[in-house]
Amino acid sequence: MKLILSSILQVLLFTSIPFIFWLLTARKDVKFFGYIGLHRIKMNTSVLKYSAYFIGMIFLMLAIIGLMAVSGLSDSSDIAIAQFAGYGIVAIIPALFYAFIQTGLSEEIFFRGFVAKRLINKLGFRLGNFVQAFIFGVVHGIMFIFITNFLVAMMIITVTGVCAYLLGWMNEMKSGGSILPSWLIHSVGNFIGAIFIMFNII
């Protein structure tokens with residue numbers, strides 16, 4: 001129950017900043033869900049290619065989990081998914097909330113739905129998407145720099161930054177600006193990571 005409440009609170013918190021900006025700057029021009037990209041996907045490529053991009057990015061997300069395992073971070077009680085360590089099947093529902101709501105939805109609304117879209121509007125796709133990816137990577141690196149060494153933190157910044165850039169690319173260039181693809185990719189990656197921890201696979 002505590003995880004469900006914290007998941008909802010995190011989504012509300014991560015949505016409040018975009019909502020305030022929308023109220024102040026764009027309320028007359030676009031509905032809020034359109035402003036943050038919570039709308040239907042409009043694919044501009046074949047279903048086969050789109051599926052390949054989608055699956056490829058899930059595997060890239062799993063590279064972060066592999067990096068954690070190699071660096072020993074998966075053994076740390078300081079990382080978020082450590083809360084599921086060794087719980088097995090009983091942690092499936094909490095892990096779903098953690099992956100799809102607390103991290104996946106809240107982070108995609110804020111980073112790809114708000115930060116990326118505003119930066120891309122101001123700076124163009126390449127630079128705007130790069131800046132949001134850099135910010136996303138640095139935020140994750142800062143979370144890990146206190147529990148690991150500098151080199152591993154830099155690797156995490158790089159891997160999460162590359163993932164963030166590709167998630168922005170998937171949304172903006174292949175999905176008509178919808179953040180649904182990045183939400184699903186991000187969430188599935190986090191959920192698989194939680195499963196690995198739940199069953200002591202890493």
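A charge sits over a ring if NZ of Lys or CZ of Arg is within 6 Å of the ring centre and within 35 degrees of the ring normal. The legends below refer to a predicted model.

**View 1. Arg118 and the ring of Tyr35.** Arg118 lies over the face of Tyr35. The distance from the ring centre is 3.8 Å.

**View 2. The edge-to-face pair of Phe111 and Phe136.** This is a pair from a structure that holds 14 aromatic pairs. The ring centres of Phe111 and Phe136 are 4.9 Å apart and the planes stand at 80 degrees; planes over 60 degrees apart count as edge-to-face, so the pair is edge-to-face. Phe111 belongs to helix H4 (residues 92-123) and Phe136 to helix H5 (residues 125-145), so that distant parts of the chain, 25 residues apart, are linked by the pair. Phe111 is buried, its relative accessible area being 6%. Phe136 is buried as well, at 5% relative accessibility.

**View 3. The stacked pair of Phe130 and Phe134.** The planes of these two rings are at 20 degrees and their centres 6.5 Å apart, so Phe130 and Phe134 are stacked. Both residues are in helix H5, 4 residues apart, a separation of about one helical turn. Phe130 is partly exposed, with a relative accessibility of 49%.

**View 4. Arg112 and the ring of Phe136.** Arg112 lies over the face of Phe136, at 4.3 Å from the ring centre. The ring of Phe136 also takes part in the edge-to-face pair with Phe111.

**View 5. An aromatic cluster that includes Phe111 and Phe136.** One cluster is formed by Phe14, Phe21, Phe110, Phe111, Phe114 and Phe136.

Methods:
Residues numbered from 1 in each chain as written. Predicted model: local features only at pLDDT ≥ 70, side-chain atom pairs only at ≥ 80, totals over all residues. Heavy atoms only, no water. Phe/Tyr/Trp six-rings, centres within 6.5 Å; stacked < 30°, edge-to-face > 60°. Helix = DSSP H or I, 4+ residues; strand = E, 2+ residues; numbered from the N terminus. Buried < 20%, exposed > 50% of the residue type's maximum accessible area, 1.4 Å probe, protein only.
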